[in-house]
Amino acid sequence: MSSQKLAWNIRRKALEIIHNTRSSHIASVFSVADIVAVLYADILKFNNKNPKWEKRDRLILSKGHAGLAVYIALCESGFFSEKVLNSYCKNGSYLQGHISNKNVPGVEVSSGSLGHGICIASGMALAAKMDNKKHRIFTITGDGECDEGSVWETALFANHYELNNLTVIVDHNKMQSLDFCENTLKLGNLCKKWEAFGWKVFEVNGHDHAELKKILKKQDKKKPTCIIAHTIKGKGVSFMENNILWHYRDPQDEYYLKAKEELEKEKL
Ligand SMILES: Cc1ncc(C[n+]2csc(CCOP(=O)(O)OP(=O)(O)O)c2C)c(N)n1
């Protein structure tokens with residue numbers, strides 16, 4: 001499946017599931033949908049018949065509240081059925097709102113407490129280097145998540161150990177849960193900050209698949225890589241874009257119908 005089709009499926013299915021289960025984080029899922037789609041369609045090496053295949057690349061979604069995007073990508077990539085996907089956030093389901101790896105094939109680690117997934121990713125990268133393994137470790141963090149001190153501890157750590165097998169993608173939508181990042185805790189110039197910590201930094205449009213594909217293939221000889229992906233929170237549905245309400249709100253009634261209509265117009 002093409003990354004474009006996968007991204008559309010992520011948005012369209014997420015709308016249905018979040019509407020049905022009255023769960024949250026739809027704008028966060030839409031923000032990261034293209035990044036997740038390009039990773040699963042074009043970049044990550046995996047085996048859906050053997051999720052623990054030793055040579056697989058690892059993806060750790062550090063902004064675990066957007067887990068539905070990864071669950072949908074995994075379902076579309078053949079890791080589990082549509083029936084399992086549709087159990088998301090329902091009683092008895094293993095598919096928790098914040099991404100969980102318990103009994104969910106393809107999910108590497110549970111996350112959701114911000115600032116932790118990225119640390120686990122750097123530990124995995126160090127372990128892979130020590131064992132002389134060639135797989136890569138990718139992790140996606142939010143820009144609000146960069147308020148966490150542990151993110152910057154990871155930045156130091158990965159530089160110190162020359163973890164060139166580690167790629168951090170910052171979903172830089174300039175928003176967090178209750179306000180814009182600028183009003184919550186100023187991040188300044190994220191590119192310069194990661195560069196100052198010794199990382200190879202790229203800046204991309206986080207909704208441009210060709211650009212993402214090109215940059216995600218790059219790996220420095222020594223440095224860990226940080227991709228600052230400029231995104232729009234709520235991307236794909238006009239009234240959700242850059243509107244803080246849709247971090248937690250679930251689309252019902254006319255909002256659901258309007259969102260569905262807009263997405264259907266873009267169907268591939
Ligand atoms: C340690 C921790 N503190 C607070 C929260 C509550 N929380 C959930 S999502 C969120 C906003 C995160 O913003 P960002 O990383 O920019 O994610 P995005 O806006 O892309 O969804 C917060 C504060 C959390 N999950 N973990």
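**Close-up views of the structure**

**View A. Helix α1 packs on helix α2 through S3, L6, A7, I10, R11, A14, L15 and I18, which meet I26, V29, F30, A33, D34, V36, A37, V38, Y40, A41 and D42 of α2.** Contact means C-beta atoms, placed from the backbone, within 7 Å. By class, this contact holds 15 nonpolar, one polar and three charged residues. Nonpolar covers Ala, Val, Leu, Ile, Met, Phe, Trp, Tyr, Cys and Pro; charged covers Asp, Glu, Lys and Arg; the others, Gly among them, are polar. The model is predicted: local features need pLDDT of at least 70, side-chain atom pairs count only at pLDDT 80 or more, and totals for chains, interfaces and linings use all residues. Residue numbers start from 1 along each chain as its sequence is written.

**View B. The axes of α1 (residues 3-21) and α2 (residues 26-43) cross at roughly 145°.** The two axes come within 8 Å. Each axis is a line fitted to C-alpha atoms over the stretch in contact, with angles from 0 to 180 degrees between N-to-C directions. α1 passes α2 in a right-handed crossing. Helices (H or I, at least four residues) and strands (E, at least two) are DSSP runs, numbered from the N terminus.

**View C. The largest nonpolar core has 73 residues.** Such a core joins buried Ala, Val, Leu, Ile, Met, Phe, Trp, Tyr and Cys residues through C-beta atoms within 7 Å. The residues with the most contacts inside this core are I10, A14, V29, V36, A37, A69 and A73. Helix α2 gives the most to the core, with 13 residues. Leaving out residues up to four places away in sequence, A73 touches L6, I10, V36, A37 and Y40.

**View D. Helix α3 (residues 67-76) is largely enclosed by the rest of the structure, because nine of its 10 residues are buried.** Buried means 20 or more other C-beta atoms within 10 Å of a residue's own, exposed 12 or fewer, and partly exposed in between. The buried set is G67, L68, A69, V70, Y71, I72, A73, L74 and C75. These residues pack against α1, α2, β1 (58-61) and α4. Just after α3, G78 takes a positive phi of about 85°.

**View E. The ligand is surrounded by 18 residues.** The closest are S28, G142, G144, E145 and Q176. By class, the shell divides into two nonpolar, 11 polar and five charged residues.

**View F. H65 sits in the loop between β1 and α3.** H65 counts as buried because 21 other C-beta atoms lie within 10 Å. Its contacts beyond four places in sequence are H25, S28, H98 and G112. Q96 is 31 residues from H65 in sequence. Their C-alpha atoms are 9.4 Å apart in space.

**View G. C89 and K102 lie in the loop between α4 and α5.** The loop runs between α4 (82-85) and α5 (117-130). C89 has a positive phi of about 65°, although it is not a glycine. Most residues other than glycine have a negative phi. With 17 C-beta neighbours inside 10 Å, C89 is partly exposed. K102 has 8 such neighbours inside 10 Å, so K102 counts as exposed. Beyond its neighbours within four places in sequence, K102 is in contact with Y94 and S110.

**View H. N132 is found in the loop between α5 and β2 (137-142).** Its phi is near 60°, a positive value in a residue other than glycine. N132 is exposed, with 6 other C-beta atoms within 10 Å.

**View I. K214 and L216 are found in helix α9.** The helix spans residues 209-216. K214 is partly exposed because 13 C-beta neighbours lie inside 10 Å. L216 is buried, with 23 C-beta neighbours inside 10 Å. Not counting residues up to four places away in sequence, L216 touches V38, L39 and I43. L216 and G78 are 138 residues apart in sequence and 22 Å apart in space, C-alpha to C-alpha.

Notes:
Near = placed C-beta within 6 Å. Left-handed = near helix turned anticlockwise from the far one by under 90°. Contact = placed C-beta atoms within 7 Å.
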